[in-house]
Amino acid sequence: MSKQFDVIVIGAGPGGYIAAIRAAQLGFNVACIDEWKNAAGGAAPGGTCTNVGCIPSKALLQSSEHFEHANLHFADHGISTGKVEMDVAKMIARKEAIVKQNNDGILYLFKKNKVAFFHGRGSFVKAVEGGYEIKVAGKEEEILSAKQIVLATGSNARALPGVPFDEENVLSNDGALSLGKAPKKLGLIGSGVIGLEMGSVWRRLGTEVTVLEGMDKFLPVVDEQIAKEAKKAFDKQGLKIELGVKVGEVKVSKKGKDSKVSVAYTNAKGEAQTLDVDKLIVSIGRTPNTNGLNAEAVGLALDERGCIVVDDLCKTNLPGVWAVGDVVRGPMLAHKAEEEAVAVAERIAGQHGHVNFATLPSVIYTSPEVAWVGRTEQQLKEQGVKYKAGTFPFLANGRARALGDTTGMVKFLADAETDEILGVHMVGPMVSELISEAVVAMEFKASSEDIARICHAHPSLSESTKEAALAVDKRTLNF
Ligand SMILES: Cc1cc2nc3c(=O)[nH]c(=O)nc-3n(C[C@H](O)[C@H](O)[C@H](O)COP(=O)(O)OP(=O)(O)OC[C@H]3O[C@@H](n4cnc5c(N)ncnc54)[C@H](O)[C@@H]3O)c2cc1C
C-alpha cells in the first residue's frame, strides 16, 4: 500500500521546500522528498542554495570581507589592530554552522506547516489511476502516491570535458567553499557570478587568483557601463582576469601532500600559455539534475540540455506533473525557483499564480556588488527602443563617503517618451539591498520621475537611486 498525499514535491531546495510549504498553506496534504545528506549522513534540506550555494558563499564572502577591512581599511578609522590573522578552519566552521541553522530551519517549517518530509531519493514508479506512484529510497524504501507532483531537483556543477571534479585539486563550488586553507595560487575557469564570488573570497585571504574566461567580453549579461566599472575595481584589487582564452589540457600532478594543477590555454592573442596553480575551480555553468528521477518510466520530456520541458505555467508534458527552479529553463537563481514554486502551488489550488520574469533581480555579491533588473542599455539599442539614461556615482553620496566605499554608480534607463523605467543597473556598496526599490518600481510600472519625487532618507546609499532617477531628466541635485 502506498502512502497517499495530495501533492508530492521531489527536491527540497528553494524551489521544492517553498512549493511544499505554499501547497500546505493552501490546505493540501503534502510530502516533500530530498536526498541531500550532511556530513553525518542526516537530512540537510535546502538544496544547492543552502548547502553549497547562496548561503555558504555569502558567509565566506562576509568573513573574508571583514578580514580585508581589518587589514586595509581599519587604520583609516584610527583603529590599529597589529597583524591580522585568518583562521580558515574557524571561518569554514562558522559557515557550516550557518548552513546547519538553515537546514534545521527548513525542517522546523515543514513540521509547522505539517509537510511530511522523507529523506532519500525520490523516483517515479509508474502512473496510476488519478496520479503517480513515487518511490523513496532512503534508510527504508517507501511508496507514496499523489495526483500532483512537483519536480524541483535542481542542478549540478558542469565539469570541463575529461576533467572530473576530484574536490581536492579540481574543485566545483562544493570544494571551493570548503578549502582547509587559503591556497597560494588559485586558478578559476569562468568569470561568471559564482566564479567571481569564489575568487573574491580567496583573493581577500591572500591567494593569487587568476581567472580564465572563454568569452572576450567581461560579464556580457550585465550593462556594459556597469561591467566596465566592476572590472576596473576587480583589476585594482589584483584579481587577474584573462578574457578570450581557450582552455586546453588540465593536468593534476601529485607529489605527496603537494599537488599542482597545470592548465594549458591559448590567450586572446592566440599565444600558448600555461597556468600553474595549487587548486583549480571550474565554474563554467550548471547542468539540470534529473539523474535519479526515473523519468523514462513515465515518459517525462527533457530538452537537448537535459532540462525538464515546461510551458509558461511550469506544466510538464505529463498531466499533474509540474517542474520549477534550476531543472527547468530560465535563470538559475534561488528567488526564481521560489517564485515559480509559489505560482505552481497556487495553480494546483486553482488560483492564478504568476511570475514576472521581466522584474527578476540579479546580484553578484562581490565588492563592489553588482545588481540589476530589467533591460541593459545594449539590449535597448539592439531592440531599437528609444530611451533616456541617468547615472549617479557613489563618489557624490555622503553615506558612501562615511562608509569609506565610493566605488561605482546607479544607472537608470527609462522610456524616452513615457519615462517608464526599463532597467536599473548598479555597481557599488550594498547594491544587493538597493536593487529591491527598483524591482518594486518596475512591478508598479513606475516612471523615473516617480522615484525622483519620492523622499529618501538622508544620508543613505538609496539617495543615489533617487539622484540617478533625477539624472534621467538631467536634474541631479548633488552632482
Ligand atoms: C556557489 C553558488 C552560489 C550561488 N549563489 C546564489 C545567490 O546568491 N543567489 C541566487 O539566487 N542563486 C544563487 N545560486 C543558485 C541557486 O543555488 C540555485 O538557483 C537554487 O539552489 C536552485 O534551487 P532549486 O530548488 O531549483 O534546486 P537545488 O537548490 O539544487 O535543490 C534541489 C534539491 O533536490 C534534491 N534532489 C535532486 N534529485 C532528487 C531526487 N531524485 N530525490 C530526492 N531529492 C533530489 C537535491 O539533493 C537538492 O537538495 C548559487 C549557486 C551556487 C552553486
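Biologist: How many residues lie between β18 and β19 in the hairpin they form?

Modeller: In this predicted model, strand β18 covers residues 362-364 and runs antiparallel to β19, the two being joined by 3 bridges. The number of residues between the two strands of the hairpin is 4.

Biologist: How far apart are the end C-alpha atoms of helix α4?

Modeller: Helix α4 comprises 25 residues, 88-112, and at 1.5 Å a residue it should span 36 Å. The distance in the model agrees with that expectation, the end C-alpha atoms being separated by 36 Å.

Biologist: Which backbone nitrogen does a side-chain oxygen of Asp87 reach at the start of α4?

Modeller: The two ends of α4 may be taken in turn. After the helix comes Lys114, whose phi is positive, near 60°. At the start, a side-chain oxygen of Asp87 comes to within 3.2 Å of a backbone nitrogen, that of Ala89.

Biologist: Against which elements do the buried residues of α4 pack?

Modeller: The buried residues of this helix include Val88, Met91, Ile92, Lys95 and Ile98. Further along α4, Val99, Asn103, Ile106 and Phe110 are buried as well. An α-helix has 3.6 residues a turn, so residues three or four places apart point the same way. The buried residues of α4 pack against α1 (14-25), β2 (30-34), α2 (47-52), α3 (54-73), β3 (116-119) and α6 (193-204).

Biologist: Are the rings of Phe110 and Phe117 stacked or edge-to-face?

Modeller: The model has 5 aromatic pairs. In the pair of Phe110 and Phe117, the ring centres are 5.5 Å apart and the planes meet at 20°, so the arrangement is stacked. Phe110 is buried at 1% relative accessibility, whereas Phe117 is partly exposed at 22%. The answer is therefore stacked.

Biologist: Is Phe479 buried or exposed?

Modeller: Phe479 forms an edge-to-face pair with Phe392, with 6.1 Å centre to centre and 75° between the planes. Phe392 lies in strand β20 (residues 387-393) and Phe479 in the segment after α13 (463-472), 87 residues apart. Phe392 counts as buried at 2% relative accessibility. Phe479, with a relative accessible area of 65%, is exposed.

Terms used: Residues are numbered from 1 along each chain as its sequence is written. This is a predicted model: local features need pLDDT of at least 70, side-chain atom pairs count only at pLDDT 80 or more; totals for chains, interfaces and linings use all residues. Side-chain values use heavy atoms; hydrogens and water are left out. The expected span of a helix is 1.5 Å times one less than its number of residues. Buried means under 20% relative accessible area, exposed over 50%, partly exposed in between (1.4 Å probe, protein chains only). Contact means heavy atoms within 4.5 Å. A polar contact is a pair of N or O atoms within 3.5 Å; within protein, one must be able to donate a hydrogen and the other to accept it, and residues adjacent in sequence count only if both atoms are side-chain atoms. Two strands pair if DSSP finds at least two bridges between them. Rings of Phe, Tyr and Trp (its six-membered ring) pair if their centres lie within 6.5 Å; planes under 30 degrees apart count as stacked, over 60 as edge-to-face and the rest as tilted.
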